[in-house]
Every structure is written in structure tokens, then in C-alpha cells.
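Trainee: Please show me how to read this model, one feature at a time.

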Amino acid sequence: MIVVTGGAGFIGSAIVWELNNRGYHEIMVVDRLGTEKKWRNLRNLEIADYWDKQEFLAMAGNDDLPVKPEAILHLGACSATTQEDADYLMRNNYQYTKYLARYALEHDVRFIYASSAATYGDGELGYRDDHNLLSQLRPLNKYALSKYAFDLHALHNGWLDKIVGLKYFNVYGPNEYHKGEMRSVIHKSFGQAQNNGKIRLFKSHREDCAHGEQKRDFLYVKDAVNMSLFFLENPDVNGIFNIGCGEARSFNHLARAVFKTLDLPENVEYFDMPADIRDRYQYFTEADISKLREAGYEKEIHTLEEGVADYLNNYLLTDDPHLG
Ligand SMILES: NC(=O)c1ccc[n+]([C@@H]2O[C@H](COP(=O)([O-])OP(=O)(O)OC[C@H]3O[C@@H](n4cnc5c(N)ncnc54)[C@H](OP(=O)(O)O)[C@@H]3O)[C@@H](O)[C@H]2O)c1
């Protein structure tokens with residue numbers, strides 16, 4: 001049995017989808033479905049069991065899981081960078097991960113957890129997944145702190161040669177629909193282009209950067225999944241790894257790719273970035289993925305244009321936009 005926490009969420013459900021594609025169905029999803037749309041992410045998938053996140057943690061804590069898992073892919077977290085309740089974030093993201101990691105280590109279960117590129121803060125130190133730089137990072141929001149706290153805990157306890165932490169960059173693609181404001185700019189742009197023929201992007205508030213030239217490492221979810229599963233296939237590879245495409249692309253490029261796929265003329269409107277995020281806004285992120293490559297990950301990675309075309313043509317423009 002492979003446990004996928006956050007398995008009804010965006011990346012987690014895409015991981016379950018790919019495990020199904022590879023013929024694997026002994027999967028336990030752990031999540032919290034609530035009243036949102038994310039149950040739809042599970043509708044097309046084959047899983048063997050489902051547990052609520054709190055019940056699962058209690059069972060693991062009491063050594064009372066129905067089966068001993070082969071691996072735990074811990075994607076579950078409050079993923080909202082705008083979450084203001086820091087106590088909730090520390091309990092739900094940091095403490096939860098700590099308890100689960102301890103269970104996995106005590107029971108010799110492969111443990112792969114989601115960290116985040118948000119832990120790099122303003123990028124002053126670059127985006128290298130070098131363990132020696134970890135303690136110098138300065139996360140810019142509460143969510144990032146909750147992820148960073150576990151990276152540091154794992155470092156200080158000597159766990160980083162036994163478990164894997166994945167620093168996802170900006171992942172986009174099918175099954176992100178429940179994420180509201182946290183869904184990718186690609187999904188938002190698709191809706192705007194289709195409904196109004198126009199995409200709205202933040203203005204730049206820095207003189208050295210033109211409007212729309214802010215850059216991100218955008219990663220298609222199918223690549224994020226393959227990279228994550230690489231660590232399941234290679235149990236001897238451990239540590240913290242960047243999970244990105246390795247090339248920063250601008251929001252203008254993104255808009256162009258959406259218009260091109262929809263066969264619409266380019267029409268971008270720039271608007272003021274909300275004042276409260278201006279001082280925390282990242283103008284540039286780019287994953288250094290040399291460590292992932294050196295560890296043996298060889299698959300080609302979708303370019304932004306390829307990812308956008310696959311996402312729109314094979315999902316968003318079809319009757320059922322979900323994976324499966
Ligand atoms: N998408 C990205 O670009 C990106 C970038 C960097 C890092 N990440 C990380 O990658 C992971 C997956 O992100 P995502 O985009 O797929 O987010 P998502 O769609 O919000 O999925 C996460 C799921 O986990 C659930 N959850 C929350 N806390 C949990 C816990 N303690 N145990 C089990 N399930 C829990 C969430 O439910 P509720 O919150 O509703 O309870 C949600 O359904 C997260 O850890 C996120 O922080 C994602």
C-alpha cells in the first residue's frame with residue numbers, strides 16, 4: 001500500500017493518477033474533502049482506501065494503521081500562501097509532518113514530503129537545494145515558515161539522508177480547480193481569455209523590470225508527478241530537492257502561450273499589484289535542478305508552451321477537465 005496524503009488535492013491526485021497509469025492501485029488517500037469541489041479529483045481514479053487526515057494521524061500515532069505502508073507520499077498541507085492563522089499552519093503542516101516522518105522512520109517506511117520553493121523567500125541567496133544553505137533562508141510568509149520549519153527539523157535531526165523533501169516551484173495543470181485564488185495564473189488566464197479575450201497581469205513596481213516581465217519557474221503537473229515518483233523508484237536517493245523546470249519564464253510568455261493555444265489575438269492589461277503584497281512579491285524564481293539531474297532524473301520536461309497546450313487542449317477545453 002502506498003499512502004498519498006493530500007491525495008484528493010491538486011498534485012496528490014495527479015500522483016494517484018500516474019500511479020494508476022503505471023498499474024498501481026493499492027493506494028490509500030488521506031485528505032479532508034469538506035464541501036469543496038476536490039472530491040471530483042478522485043472520481044476518475046482507482047484507490048483502495050481513504051482516510052480523513054486526523055483519523056489517519058491518530059492511527060499512525062497509535063501504531064494502528066490497517067496495513068503497514070510501503071511508502072508515504074506526504075503532499076497534504078494547507079497550501080494557501082495567504083493563510084493568516086499561523087497556529088493552524090504550524091499544527092497542520094509542521095507538527096503533522098513531524099509526527100508522520102517519525103512514524104515512517106520508526107517503521108522503516110519510505111517517506112517523501114512536500115516542502116516548497118516559498119521557503120527560499122525573496123531569492124536573495126538563489127534557489128539552490130544545498131542543505132548547507134538551509135538555515136540561512138528567510139521565508140516571506142506564514143505558510144512558507146510552516147514548510148521551512150520541517151526542513152530545518154529534518155536537518156537538525158539528521159533525517160535528510162533517510163527521507164526526501166520536495167521543493168515544488170509553481171506547479172500548474174489539471175485538478176487544480178478547487179484551489180480558488182491559489183490556483184495557477186495559467187488557469188486564471190485561460191478563464192479571462194475565454195470570457196473577455198483579455199488577460200490581466202500585475203504591473204511591475206520595480207524600475208528594473210517591465211510590466212509582465214516578472215518571472216517564475218512554471219512546472220507542468222505531469223512533470224512534477226514524474227519527478228516526485230522518481231524518488232519512490234529510487235529509494236537510495238535522499239535529501240531535499242528542487243522540483244521545477246529549471247528555467248524562469250515571464251508572465252508575458254505565459255499569456256502569449258494561452259492566447260496562441262486558444263487562437264486568440266494577444267491582449268494583456270496590466271493592473272496595480274495590491275499594496276499589501278508588494279513588499280513580499282517574488283520578481284524572479286528559477287529552480288536549480290542540477291541536483292535532481294545528478295541524482296539520475298533524465299526525463300524531458302515540458303516547456304511552458306507545451307504544458308499550456310496540453311493543459312488547455314486535453315483538459316480545460318474538454319467535457320471533463322480532470323485527470324483520469
Ligand atoms: N501547487 C504548487 O505549486 C505547490 C508549490 C509548492 C509546494 N506545494 C506543496 O505541495 C503539496 C500539494 O500542493 P497542492 O497544490 O496539491 O495543494 P492542495 O490542492 O491544497 O492539496 C493539499 C490537500 O491536502 C489536504 N490537507 C491539508 N492538510 C493536510 C494534512 N495535514 N494531511 C493530509 N491532508 C492535508 C488539503 O485539505 P485542506 O487544506 O482543505 O484541509 C488539500 O486537500 C502541499 O504540501 C503544498 O504545500 C505546492
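Mentor: Start with Asp263, which is exposed, with 6 other C-beta atoms within 10 Å. Exposed stands for 12 or fewer such neighbours, buried for 20 or more, and partly exposed for anything in between, with C-beta atoms placed from the backbone. This is a predicted model: local features need pLDDT of at least 70, side-chain atom pairs count only at pLDDT 80 or more, and totals for chains, interfaces and linings use all residues. Residues are numbered from 1 along each chain as its sequence is written.

Trainee: What is the phi of Asp263?

Mentor: Most residues other than glycine have a negative phi. Asp263 has a positive value, near 60°. Asp263 sits in the loop between helix H8 (251–262) and strand E13 (268–271). Helices (H or I, at least four residues) and strands (E, at least two) are DSSP runs, numbered from the N terminus. Asp63 also has a positive phi, about 55°, and is not a glycine. Asp63 lies in the loop between helix H3 (53–61) and strand E4 (71–74). Asp63 is exposed, with 10 other C-beta atoms within 10 Å.

Trainee: Is E2 mostly covered or exposed?

Mentor: E2 is mostly covered, with five of its five residues buried. Ile27, Val29 and Asp31 point one way from the strand, and Met28 and Val30 the other.

Trainee: Which strands pair with E2?

Mentor: Pairing takes at least two DSSP bridges between two strands. Strand E1 (residues 2–5) runs parallel to E2, over four bridges. There, Ile2 stands opposite Ile27. Strand E3 (residues 49–52) is also parallel to E2 and joined by four bridges. Val29 stands opposite Tyr50 in E3.

Trainee: Which residues have the most contacts inside the largest nonpolar core?

Mentor: Nonpolar side chains tend to be buried together in soluble globular proteins. A core here is a set of buried Ala, Val, Leu, Ile, Met, Phe, Trp, Tyr and Cys residues joined through C-beta atoms within 7 Å. The largest has 86 residues, and those with the most contacts inside it are Val4, Ile11, Ile15, Tyr168, Ala224, Leu254 and Val258. H1 gives this core its largest share, seven residues.

Trainee: Which residues come nearest to the ligand?

Mentor: Near means a C-beta atom, placed from the backbone, within 6 Å. Of the 27 residues around the ligand, Gly6, Gly9, Phe10, Gly76 and Ala77 come nearest. Elements giving two or more residues to this shell include helix H1 (10–21) and strand E2 (27–31). H1 gives the largest share, three residues.
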